[in-house]
Amino acid sequence: MTDEEKKEFREKLLEDCKTYNHIDYDDDENLVELFIDATFEELQELIPNFDPYMMTARQRLLTIVFVKDLYDNREKYQKDTKTLANAVSSMLLKEMYKGGQT
């Protein structure tokens with residue numbers, strides 16, 4: 001994948017995350033990009049052979065849901081332990097044990 005294709009991929013993922021979060025403005029764009037980067041780091045540690053530019057549909061959905069969870073609970077995470085919804089945890093476990101194959 002070329003640098004231009006990666007840039008286009010990231011822009012599309014950012015737009016998908018903003019749509020999923022119902023963000024109609026650009027004020028929080030840097031924050032959403034940070035959440036995407038943090039999610040990629042987390043998934044790279046948890047899913048063998050994870051490639052953020054060759055994600056399965058489930059991995060893409062996990063990324064968007066993780067970002068939404070981080071965005072929606074950004075104040076909560078400053079105080080409480082991080083927890084994921086059962087569906088997200090289930091999808092992550094499946095990715096971990098299936099090896100994230102594309």
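A residue counts as buried when its relative accessible area is under 20%.

**Figure 1. Overall view of the predicted chain.** The model is predicted, and its chain holds 4 helices and 0 strands. The order along the sequence is α-α-α-α. Of its 102 residues, 37% are buried. Contacts between residues at least 6 apart in sequence join residues at least 24 apart in 68% of cases. The accessible surface of the chain is about 6700 Å², and carbon and sulfur atoms account for 48% of that area.

Figure 2. The chain has 2 aromatic pairs. Phe9 belongs to helix α1 (residues 3–20), while Tyr53 sits in the loop between α2 (29–46) and α3 (57–72), so the pair ties together parts 44 residues apart in sequence. Phe9 has a relative accessible area of 17%, and it is buried because this value is under 20%.

**Figure 3. Close-up of the aromatic pair Phe40 and Phe50.** The ring centres of Phe40 and Phe50 are 6.2 Å apart and the planes meet at 50°, so this pair is tilted. Phe40 is in helix α2 and Phe50 is in the loop between α2 and α3; the pair therefore ties together parts 10 residues apart in sequence.

**Figure 4. Burial of Phe40 and Phe50.** Phe40 has 5% relative accessibility, so it counts as buried. Phe50, at 9% relative accessibility, is buried as well.

Note on methods: Residues are numbered from 1 along each chain as its sequence is written. This is a predicted model: local features need pLDDT of at least 70, side-chain atom pairs count only at pLDDT 80 or more; totals for chains, interfaces and linings use all residues. Side-chain values use heavy atoms; hydrogens and water are left out. Helices (H or I, at least four residues) and strands (E, at least two) are DSSP runs, numbered from the N terminus. Buried means under 20% relative accessible area, exposed over 50%, partly exposed in between (1.4 Å probe, protein chains only). Contact means heavy atoms within 4.5 Å. Accessible areas come from the Shrake-Rupley method with a 1.4 Å probe; for residues, only the protein chains shown count as cover. Rings of Phe, Tyr and Trp (its six-membered ring) pair if their centres lie within 6.5 Å; planes under 30 degrees apart count as stacked, over 60 as edge-to-face and the rest as tilted.
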